[in-house]
Amino acid sequence: MRTLGLLLTIAILMLSCNSAQKPMSKGTKNVLVFKKTNGFRHASIETGVETLREIGRENVWAVQHSEDSLIFTPQNLKNFDLVVFLSTTGDILGEEQQEAFKNYMENGGKFFGIHAASDTEYGWPWYGEFIGGYFMSHPKTQKATVVKKEKHPTVAMFPERFERTDEWYNFKNLSPNVHVTLTLDESSYEGGANGDYHPHAWFHKVGEGEMYYTGGGHTEEAYAEPLFRKHLEEVMKWLME
């Protein structure tokens with residue numbers, strides 16, 4: 001009897017451990033933060049992960065992070081309410097993973113791309129249209145003036161014009177079909193290459209899904225800025241409404 005009791009105790013403990021390792025949480029929102037890089041790797045990635053996890057805890061969201069592209073399967077993706085690409089770079093998904101992600105988005109998925117998400121998957125035409133603009137170049141990190149382009153909950157925390165310090169991306173292949181929420185005033189800093197129309201944050205529909213991209217987030221300090229942090233939170237809330 002003593003042996004049987006011991007075996008039952010071990011079995012219960014094993015089941016408890018397995019349950020704790022499950023990434024999905026019923027009754028709340030599930031977020032995947034994908035941070036794989038196959039090129040330049042930003043030092044701010046881990047700081048960004050912790051900020052997104054803090055935001056998740058405050059909103060009772062389950063936030064999981066990974067660099068394993070094999071997580072992109074139809075079965076796995078259907079469990080996520082939001083996929084975040086946090087400063088991903090280069091070719092990060094194989095053909096099967098690309099197809100799974102494309103189907104996820106076109107069938108109602110939600111996506112949030114932060115900073116170098118636009119420096120990702122140059123050889124995948126669908127992604128180029130999906131992300132809304134590829135990274136082209138950037139000047140040195142410096143202060144610039146950001147301009148709010150429309151009234152939208154994801155930028156409601158910002159004044160009409162405001163200054164902040166970051167690494168400001170120039171873009172190529174900008175889509176005319178996105179809704180731009182923030183632009184850069186190139187007269188306020190050195191090295192802008194998009195001219196009078198320089199989108200910095202935008203969103204658009206992708207089939208039945210919705211994506212949002214923001215160009216901020218290069219520096220570790222950015223994730224401690226109250227307004228930028230609030231911007232990240234409101235984008236996630238808006239996408240998962």
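**Figure 1. Overview of the chain in the predicted model, with its contacts and surface.** Of the contacts in the chain with a separation of 6 or more, 71% are accounted for by residues 24 or more positions apart, and this value, like those in the legends below, refers to a predicted model. The chain has six helices and 11 strands, and 54% of its 241 residues are buried.

**Figure 2. The stacked rings of W126 and F130 in helix α5.** A search of the whole structure finds 28 aromatic pairs. In the pair shown here, the ring centres of W126 and F130 lie 4.8 Å apart and the ring planes meet at 10 degrees, so the pair is stacked, the limit for that class being an angle under 30 degrees. Helix α5 spans residues 125-131, and because W126 and F130 are four residues apart within this helix, about one helical turn separates them. Both W126 and F130 are buried.

**Figure 3. The aromatic cluster that includes W126 and F130.** Besides W126 and F130, this one cluster takes in F34, F72, F85, F101, Y104, F111, W124 and Y127.

**Figure 4. The charged end of R164 over the ring of F228.** In this view the charged end of R164 sits over the aromatic ring of F228, at 4.7 Å from the centre of that ring.

**Figure 5. H115, a buried residue with a positive phi.** Most residues other than glycine have a negative phi. H115 is not a glycine, yet its phi is positive, at about 50 degrees. The residue is found in the loop that runs between strand β4 (110-114) and helix α5, the helix that also holds W126 and F130. With a relative accessible area of 0%, H115 is buried, because that term applies under 20%.

**Figure 6. N173, an exposed residue with a positive phi.** N173 is likewise not a glycine, and its phi is positive, at about 55 degrees. Its place is in the loop between strands β8 (170-172) and β9 (179-185). The relative accessibility of N173 is 58%, so this residue counts as exposed, the threshold being over 50%.

Notes:
Residues numbered from 1 in each chain as written. Predicted model: local features only at pLDDT ≥ 70, side-chain atom pairs only at ≥ 80, totals over all residues. Heavy atoms only, no water. Helix = DSSP H or I, 4+ residues; strand = E, 2+ residues; numbered from the N terminus. Buried < 20%, exposed > 50% of the residue type's maximum accessible area, 1.4 Å probe, protein only. Contact = heavy atoms within 4.5 Å. Phe/Tyr/Trp six-rings, centres within 6.5 Å; stacked < 30°, edge-to-face > 60°. Lys NZ or Arg CZ within 6 Å of the ring centre and 35° of its normal.
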